[in-house]
Amino acid sequence: MEQIHQHDHHDHHGHHHGHHQVTSVNTAFIIGIILNAGFVVVELVLGFSSSSLALISDAGHNATDVFSLLLSLFAFKMMKVKTSDKYTYGYKKLSILTSLLNAILLVITTVVIFYEGFRRINSPVEIQGKMVSLVAFIGIAVNAISAWLFFRNKEKDINIKGAYLHLLSDALVALGVVIAGLVIYFTNWFWLDTVISFAIGIIILLATWNLLNESIRLSLDGIPKDINLEMVKQTILAYEVVKKIYHIHIWPISSSENAMTAHIEVAYKDIIAFNEVKQEIKHKLEHINIHHSTLEIELQHTAEDCPVRQ
């Protein structure tokens, strides 16, 4: 009884901590959205007026950031929607689909930047280097502040990690644009604007690749990368009453919650003993990120277990 009581207390504590985390993440999303949306408007207006592809492509990239931050915030809100007869897990899976959509958006942005860059190679446009640098300098501040807001929780959820990666790569890209703008101002090497926009595209692709892989895997109900199947087996097999474990299925319910089902083979004489440690096993599984576990008991058939008929 004592064990079960402790387990409940742990659950309650975990829930409380989770609520605090979601609240701080909500604030981070809202601040990030406002800062980035304002910056996109500034970049677009000045990018078109100064004919800078680096600024316009960066504004396009920042616009997908705003959209992805909005999507992720929406996914977090939907994760709290109560379950129903039709959706027994609620809308938690939306958070995974959102991270997949975000990754695809970033890849599309890169393709557009490359296309526009190739078009410009043959006809370089005159650019006001000084202003390009100034705008990009503001970009470093906007993106660095936004990325810092997500830094603490980035390993807890794939959507938060996605947002953090977007913003961090933006800050690095803006730094590149500042340098290009200054070089253009002093040398009139207008082609450098196109080179920098290609570099932006490559940085975005590299930052997106892992996010895209992980999002596809989670969408296909693959095991999340922070869960080790062998470790899960060993955690359960550590109990003497467990003879065998098979039919293990582990899948993500949302971008931060995972579920598992498994068949556990137990000797007939150990059924009561297993039921006593079952809660403890589930508690240990929670520590390795499996929040909902269903353990199905299968009887081990041995000669001594079968009662002899008279």
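D221 sits in the loop between α6 and α7 (229-237). I start there for its backbone: D221 has a positive phi of about 60°, although it is not a glycine. Helices here are DSSP runs of H or I with at least four residues, strands are runs of E with at least two, and both are numbered from the N terminus.

Now the ground rules. This is a predicted model, so local features need pLDDT of at least 70, side-chain atom pairs count only at pLDDT 80 or more, and totals for chains, interfaces and linings use all residues. Residues are numbered from 1 along each chain as its sequence is written, and side-chain values use heavy atoms, with hydrogens and water left out.

Back to D221. Is D221 buried or exposed, or partly exposed? D221 is partly exposed, because its relative accessible area is 38%. The cut-offs are these: buried is under 20% relative accessible area, exposed is over 50%, and partly exposed is in between, with a 1.4 Å probe and protein chains only.

There is a second residue of this kind. N289 has a positive phi of about 70°, and N289 is not a glycine. Look for N289 in the loop between α8 (271-287) and β3. N289 counts as partly exposed because its relative accessibility is 29%.

Next, the overall picture. The protein has eight helices and three strands. Along the sequence the pattern reads α-α-α-α-α-α-α-β-β-α-β. Of the 310 residues, 44% are buried. The accessible surface comes to about 17,000 Å², and carbon and sulfur atoms hold 65% of that. Those areas come from the Shrake-Rupley method with a 1.4 Å probe; for residues, only the protein chains shown count as cover.

Contacts next. A contact means heavy atoms within 4.5 Å. Take the contacts with a separation of 6 or more: 74% of them join residues 24 or more positions apart.

On to the strands. Two strands pair if DSSP finds at least two bridges between them. How do β1 (residues 242-252) and β2 run? They run antiparallel, and eight bridges join them. A hairpin of five residues links β1 to β2. Two pairs to find on screen: V242 stands opposite V266 in β2, and I250 has M260 in β2 as its bridge partner.

β2 also pairs with β3 (residues 292-300), this time in the parallel sense, over nine bridges. On that side, T261 stands opposite T294 in β3. And β2 (residues 258-267) is mostly covered, with eight of its 10 residues buried.

Now the empty space. Rolling a probe the size of a water molecule over the atoms shows where empty space is left. On a 1 Å grid over the protein atoms alone, a cavity is a set of points where a 1.4 Å probe fits but cannot get out, and lining residues have an atom within 4 Å of a point. Grid points are joined across faces, edges and corners, and the volume is the space filled by probe spheres set on the points.

How many cavities of 30 Å³ or more are there? The count is one. The largest cavity holds about 50 Å³ of space. Its lining is H61, L106, L165, H166, S169, I204, A207, T208 and L211. α5 (158-187) and α6 (191-219) are the elements that give two or more residues to that lining. α6 gives the most, with four residues.

By type, the lining has five nonpolar residues, four polar and no charged. Nonpolar means Ala, Val, Leu, Ile, Met, Phe, Trp, Tyr, Cys and Pro; charged means Asp, Glu, Lys and Arg; the others, Gly among them, are polar.

Pick T208 from that lining. T208 is in helix α6. T208 counts as buried because its relative accessibility is 3%. Beyond residues up to four places away in sequence, T208 touches A103, L106 and V107.

N62 is in helix α2. Why does N62 count as buried? Its relative accessibility is 0%. Not counting residues up to four places away in sequence, N62 touches N36, F39, V40, E43, N143 and D170.

Last, Y91, in the loop between α2 (53-79) and α3 (94-121). Y91 is partly exposed, at 31% relative accessibility. Leaving aside neighbours within four places in sequence, Y91 is in contact with M78 and V81. K77 lies 14 residues from Y91 along the chain, and their C-alpha atoms are separated by 9.4 Å.

Notes
1 Å grid on protein atoms, 1.4 Å probe; cavity = no way out; pocket = protein on both sides within 12 Å on 5 of 7 lines; lining within 4 Å.
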